[in-house]
Amino acid sequence: MAAAKFELNDLERRMRGAIDTLRKEFGGLRTGRASIHLLDPVVVSVYGARMPINQVATVSTPDARTISVQVWDKSQVSAVEKAIREANLGLNPVTDGALIRLPIPTLNAERRQELVKVAHKYTEHARVAVRNVRREGMELLKKLEKDGQMSEDEHHKNTAKVQELTDKLIKEIDQALAGKETEIKQV
């Protein structure tokens, strides 16, 4: 029984990983408001290596419509600016010395609908990931029962727990989507 309980905790940890990934992806979806997470996908080629932007500059949001990027090494400003442009985030960098400002354009209705579709796609990936972890857990429970390491009653009890956990996390995913949709559609 102890091994199955430990496994349930492991399954929950893995399922929560899918939710964490979903939240990071949602953080990168532009909603018309500035967020430092918009630049998470930006990777800068500096010093002969590729680094995330937060390792070569300080990213902040001085107001709701602007992201500011303070590059630490002035000789790398053009590399950071180039990386932002190449990330295809729809942002137009304005450089002032070692400071790069990124004004966030307002979203039109068509772009909002596109973002909602992207949010739905991210959500479906998270649901699939949670269901895959559930399937692996169910297969393990069957194997433990077949190998005589778990009774039939324990198997049914743990199967119900895994299903309950799956339902709970799918509900969390759906709530995250509803919140993001509301945020995207807000004018």
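The model is predicted, so local features are reported only at pLDDT of at least 70 and side-chain atom pairs only at pLDDT 80 or more, while totals for chains, interfaces and linings use all residues. Residues are numbered from 1 along each chain as its sequence is written, and side-chain values rest on heavy atoms, with hydrogens and water left out.

Overall form comes first. The secondary structure comprises four helices and six strands, where helices (H or I, at least four residues) and strands (E, at least two) are DSSP runs numbered from the N terminus. Read from the N terminus on, the elements follow the order α-β-β-β-β-α-β-β-α-α. Along the principal axes, the C-alpha atoms fill a box of roughly 70 × 40 × 20 Å. The radius of gyration is 22 Å, whereas a compact globule of 187 residues would have one near 16 Å; the radius is taken over C-alpha atoms, and the globule rule is 2.2 Å times the number of residues to the power 0.38. The accessible surface comes to about 10900 Å², and carbon and sulfur atoms hold 52% of that area. These areas come from the Shrake-Rupley method with a 1.4 Å probe, and for residues only the protein chains shown count as cover. Of the 187 residues, 39% count as buried, a class defined by under 20% relative accessible area, with exposed meaning over 50% and partly exposed in between (1.4 Å probe, protein chains only). Among contacts (heavy atoms within 4.5 Å) with a separation of 6 or more, 65% involve residues 24 or more positions apart.

Strand 4 (residues 66–71) runs antiparallel to strand 6 (residues 99–103), and five bridges join the two. Strand 5 (residues 94–96) also pairs with strand 6 in the antiparallel sense, here over three bridges. Strands 5 and 6 form a hairpin with two residues between them, and glycine 97 in the turn has a positive phi of about 70°.

The loop between helix 1 (2–27) and strand 1 (43–46) holds alanine 34. Alanine 34 counts as buried because its relative accessibility is 18%. Leaving aside residues up to four places away in sequence, alanine 34 touches Thr61, Asp63, Ala64, Arg65, Thr66, Ile67 and Ile104. The C-alpha atoms of alanine 34 and proline 103 are 8.2 Å apart in space, although the two are 69 residues apart in sequence. One of the residues touched by alanine 34, threonine 66, lies in strand 4. Threonine 66 is buried too, with 15% relative accessibility, and its contacts, under that sequence limit, are Ala34, Ser60, Thr61, Arg101, Leu102 and Ile104.

Helix 3 (residues 109–146) has 38 residues and should span 56 Å at 1.5 Å a residue, which agrees with the 55 Å between its end C-alpha atoms; the expected span is 1.5 Å times one less than the number of residues. Just after helix 3, glycine 148 takes a positive phi of about 80°.

Charged pairs complete the picture. A search of the whole structure finds 14 salt bridges, each defined as a side-chain nitrogen of Lys or Arg within 4 Å of a carboxyl oxygen of Asp or Glu. Aspartate 96 and arginine 101 form one, with their closest N and O atoms 3.7 Å apart. Both partners are partly exposed, aspartate 96 at 46% relative accessibility and arginine 101 at 37%. Aspartate 174 and arginine 127 meet in another, at 2.5 Å from N to O. Aspartate 174 lies in helix 4 (residues 152–185) and arginine 127 in helix 3, so this pair ties together parts that are 47 residues apart in sequence. Here aspartate 174 is partly exposed at 32%, while arginine 127 is buried at 16%. Within helix 4, lysine 180 and glutamate 183 are three residues apart, about one turn of the helix, and they form a salt bridge with closest N and O atoms at 3.4 Å. Lysine 180 is buried at 7% relative accessibility, whereas glutamate 183 is partly exposed at 27%. Finally, salt bridges that share partners join Glu124, Arg127, Arg131 and Asp174 into one network.

Key
Pairing = 2+ DSSP bridges.
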